[in-house]
Amino acid sequence: QITCNLPHKDCASNNCVPSELFAARSRSHKIPVRGQKDFFPNDSDEQRQRLEQSLNEHWSLTSEERVERLGNLVKAVWIPSDQIVELQSPAGKFWQTMGFSANGKQYLLPEEALYLMECGNVQVFYRDLPLSIQDGYERFLSSATVTLQQYQVFGHLKRLGYVVHRFDPSSEPSSYARQLNLPQSRDRAGRQLKRKRSPSPTYTKRLNSFCFFCSYTEAQVESTIEKMEEDKCSLEGDDAKKLAASPDIQTATTSGADEGRSWWMTDDLGASDKELHHSPTSGSSRWDFSSIPFPDVGSSERHPSCLAPPEPSLLPGDLTVGVCDIASWRRKINLRMVKMSSKEQKREKDTRRRRWDVNKDREVRRCRNWAEYHELLARRQRKRKGRPAHLWNREVTPLHDPKQPISTGELLDKISVIKSTHLLEGASRLKGSEQWRICFNVYQPDTVADFKKSNPGKPYSRMCVCSFDGPVPDLRAIKLLAFQSGDIPVVFAVVDHGDISFYTFKDFQLPTDVFP
Amino acid sequence: MEDSPSMDDHQDSSLVVGVGLCDSAPLLWRLQDLKTARRLGLVGALLGSLPRTPRQNQRLGRPLLLLPEEEQLLRDEEAAGALPGPNQDVGGAELRRQFEEDQQRSFEEQSVLALEDRKSALRRAMTSSHTGSESGAEAVDEALCGRLEALDHSFSFPQSAMAVQLSTARAGLSYCPEARAHLQASWPIREQNNPRSDARYQVFRDLRGRGFYLTSAGKFGGDFLVYPGDPLRFHAHFIAVCLTLDESICLLDVLAVARLGSNVKKTVLLCSPVPDGGVCYTSLQWSGMV
């Protein structure tokens, strides 16, 4: 095919001569496929040849100029005072997803016009001369319109087929309007309309509950409904987002238990202090366990039902131990669980009850008078009801009264150290930032056929353009952008010279194994 | 480094690369500038749609974006000059007149070409359908002449059929031949003066001087991707991370970048400029516990 590169006369300007322009009609539209790369350069001819071939192919493609049939080009003019491009011949297919009408004329935003110039669909004039792509880049892109980095993202997405529109935060419906399922309209007339519309069921219920409490002005209702919506979110969220703070609890309890154990140990040591003085060097002495007989109580051999007392030298201090009657213990080992029938169980219960005699109760026998007996009864009562005195009669009481019914989920919540939160909490209070803002709404390619500019519907995602040179978005930035975006995910398009990487933060609920 | 002279050099023997600023980014627009830069081992990144197939992202076209280090290198080699800005030769009745003349001339030439094209198509169609028969040859010739004459009278080439070029680079200079002087190698200093960008530039210069090709490596968690040869033909061997000598780096960051490197099968290079003007390189290799 004939390409428009190296025309001998106009090399410096890369202009094609008419014969080349004419011949460009039959130019191929295929791009050569890139071959396999080599790993290590050697000085072989083969490699040199392949390099030359790759470079030639590269220059051939890069040098080609856009050549279009005049009849296929839409004519337009650049209006720098408004930073807008006005169409002067009817728009083509692109009008379905790009551009806007005003004052009976058709307009394109600068980034849209530049993209269409690059596609060879539109020829933009300024002062009766056609603008080159370079002119377009240098005139149309700035921080006042769309920056070069933002245009890179715009172009990348458009080339993939997405519909990309500028994001306007003020035209986003408030959460109140969304709740009422209103069509998007920004004028005051639109707001008045909502009274005539039949409100959604949730709205009616809430309004009714509100009217029950007090009378609110409309503005107050709106702000309270917003707050309720937030609360509703948090309530719904709580059910799903109850964090099992079990790792924290476990450490708390183990550390507590440790402390308890050591407390006992110190007390124990204190109690047996006097024994320590008398004990031989038992701490560091070595015991010859082979010579110390340990009775095997569980063996089936016939043993005397009494154990002889151990050697006094093995015992600490003043301790004296008599003979040990192990008959009752031996009866308890090697037993098999007997399943009693219900009749047998009942009989057991009856005999137990008949056998029970209050006078045989040791604690009762220790009571010296009726007052002490009543105290004992009261103490037992309290213990039975789960409120032992030593826990409840002090300043610091347990977190929850066992007598009060509580669901496991709520209980976990009570004892949790870290409360779960959701991304939008506190986000409405954040003020906007210069550095982080949403640039574009992105709509999916397969919606193009039915796409209506007047009613685009919900975007697929919203883009925030940044670069690897800049900072990573902090929590504040993420909250701010998520709030601005509503329920549409925010995607960060990170530009690194020719390359764009897309990142998004997805909401994630830690699983809980508790049914509320 | 390849150093094969090409035809373009005759036109612009000063080898000054014309750089245009767009939103304060340095861009190359003209093909000869891209070639010059490549010859100096500067790869850059293409940003624009490819004219042949604009609706894809695999291969992009001009303009070429330069890394700040590439821009600085060109300036230091006195090989960068500013392209005339957008408002330089705008307006002017002279230019408009020239443009209209060019368009008219192009239209006339294309009309002629179109007619010729039609005629040869006709000839091909008529002769191919009557090949073989000796007797019919004369009759065919007569008919052909008749048809060709008719075509001369009736043929019209509509304006809408004319092919026009949508120039990539601004063609301003061509309209004023006397102004088509060589670009002055007077590119201003634009780099920021901070230790980090200094370190990056020192490392870039050193590696380029050793014959490596470098591109940006933000996606790989580093400063540069280092290729042993032209990136068109070779894979990158290293991910270069530039640090100043007195900068402390957290061990977790070293682990992260080492892990990343092993995942993409590239060696991580920690690069630091040393006071004597050279650069000290440390490569990270992931080894198992022995």
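1. Two residues are in contact when heavy atoms of theirs lie within 4.5 Å. In this predicted model, local features need pLDDT of at least 70 and side-chain atom pairs count only at pLDDT 80 or more, while totals for chains, interfaces and linings use all residues. Residues are numbered from 1 along each chain as its sequence is written, chains are lettered from A in the order in which they are written, and side-chain values use heavy atoms, with hydrogens and water left out.

2. Leaving aside neighbours within four places in sequence, Tyr137(A) contacts Leu114(A), Glu118(A), Leu148(A) and Tyr151(A), and, in chain B, Cys22(B), Leu27(B), Trp29(B), Leu47(B), Gly48(B) and Pro63(B).

3. A nonpolar core is a set of buried Ala, Val, Leu, Ile, Met, Phe, Trp, Tyr and Cys residues joined through side-chain atoms within 4.5 Å; buried means under 20% relative accessible area (1.4 Å probe, protein chains only). The largest such core has 49 residues, and Tyr137(A) is among those touching the most other members, with Phe94(A), Leu108(A), Val124(A) and Phe140(A). Helix H3 of chain A (residues 110–119) supplies the largest share of this core, 6 residues. Helices (H or I, at least four residues) and strands (E, at least two) are DSSP runs, numbered from the N terminus.

4. Chain A also holds an open sheet of 5 strands, in the order E8-E11-E12-E13-E14, with mixed pairing. Two strands pair if DSSP finds at least two bridges between them. Strands E8 (163–166) and E14 (499–504) of chain A are at the edges with a single partner strand each, so one side of each lacks a neighbour in the sheet.

5. Strands E12 (residues 461–467) and E13 (residues 490–496) of chain A run parallel and are joined by 6 bridges. Cys464(A) stands opposite Phe492(A) in E13(A).

Notes:
Buried < 20%, exposed > 50% of the residue type's maximum accessible area, 1.4 Å probe, protein only.
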